[in-house]
Amino acid sequence: MLKLGDYNTLRIVKAVDFGLYLDGGEEGEILLPQRYVTKDMHIGDEIEVFIYLDQEERPVATTEHPYAKVGEFASLEVAWVNQFGAFLNWGLMKDIFCPFREQKKRMEQGQRHIVYIKVDEDSYRLMATAKVEKYLTTPIITDLPSLQHGTEVDILVWQKTDLGFKVIVNNKFQGLIFDNQIFQPLHSGMRLKAYVDHVRQDGKIDIVLQQSGRQQTLDFAEVLLRYLYENDGYCNLGDKSPAELIYDRFQVSKKAYKKAIGDLYKRRLITIEEEGIRLAK
């Protein structure tokens with residue numbers, strides 16, 4: 001069955017002057033316009049294409065990759081607005097529509113918004129909605145093994161709150177990075193690797209940007225040791241150095257930096273000086 005707003009592997013059945021026709025099953029033949037046709041495409045070949053709707057709301061194929069497919073969240077820029085709603089640039093020739101009823105506040109050209117891509121049940125058209133809360137799920141028991149403390153996850157930074165930043169975790173769950181866990185500039189729309197700290201009883205997930213515990217110390221200790229070898233055996237950052245300087249150079253918190261120093265010192269690999277650290281002789 002053809003998946004609208006998603007990637008499909010379809011067989012080439014016909015070549016015409018303006019492109020190739022692909023076997024769309026019950027949907028009939030789907031056009032891949034000539035601009036996407038390459039010399040290595042032949043009748044009988046199966047190719048992966050993205051299926052969306054053209055200006056006349058007919059299924060059409062493309063080899064381009066949108067910023068998000070159906071069932072995914074993304075930060076998209078408003079390309080233009082008319083009396084019915086906003087049209088967002090999602091990486092394809094035809095912009096995706098977000099009607100006024102699906103906007104949390106009126107969208108304006110040039111703004112970026114976090115949206116969810118869906119198929120409208122009434123019109124069978126592809127659509128964006130800014131009411132993303134409706135499409136976030138609460139972790140269930142079978143999700144918990146993949147959300148254990150320290151597990152790496154993909155996050156999309158969503159919005160600033162009084163506590164920190166809301167994020168979307170693994171394109172599925174709602175998470176939060178508390179202010180005291182933020183050691184780098186964040187803004188809505190950023191995609192990052194992060195780590196699970198804790199899954200709360202309400203299903204929301206506390207997220208940290210750096211690994212915690214012993215593994216983080218060991219990993220960064222090796223980074224710091226390599227830095228010393230590559231910089232004449234000396235680093236001019238010590239226990240009393242400002243956290244901002246430490247983060248600018250190594251992208252870790254001062255706490256993680258001090259733990260790594262302690263680990264290397266216990267292993268007798270460095271000496272600690274007033275203004276920095278040095279490789280042990």
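Reader: Why is Y116 called buried?

Author: In this predicted model, Y116 has a relative accessible area of 13%. Buried means under 20%, so Y116 is buried.

Reader: What makes F73 count as buried?

Author: The relative accessibility of F73 is 2%. The limit is again under 20%, and F73 therefore counts as buried.

Reader: Why is the aromatic pair of F73 and Y116 called tilted?

Author: The centres of F73 and Y116 are 4.9 Å apart, and pairing requires centres within 6.5 Å.

Reader: Which parts of the chain does the pair of F73 and Y116 tie together?

Author: F73 belongs to strand β6 (residues 73-81) and Y116 to strand β9 (residues 112-119), so the pair joins parts 43 residues apart in sequence.

Reader: Why is the pair of Y52 and W90 named as it is?

Author: The structure holds 10 aromatic pairs. In the pair of Y52 and W90, the ring planes stand at 80° and the centres lie 6.5 Å apart. An angle over 60 degrees counts as edge-to-face, so this pair is edge-to-face.

Reader: How do you know that the charged end of K14 sits over the ring of Y21?

Author: The charged end of K14 is 5.3 Å from the centre of the Y21 ring, where the distance criterion is within 6 Å. K166 likewise lies over the face of W158, at 5.1 Å from the ring centre.

Notes. Residues numbered from 1 in each chain as written. Predicted model: local features only at pLDDT ≥ 70, side-chain atom pairs only at ≥ 80, totals over all residues. Heavy atoms only, no water. Phe/Tyr/Trp six-rings, centres within 6.5 Å; stacked < 30°, edge-to-face > 60°. Helix = DSSP H or I, 4+ residues; strand = E, 2+ residues; numbered from the N terminus. Buried < 20%, exposed > 50% of the residue type's maximum accessible area, 1.4 Å probe, protein only. Lys NZ or Arg CZ within 6 Å of the ring centre and 35° of its normal.
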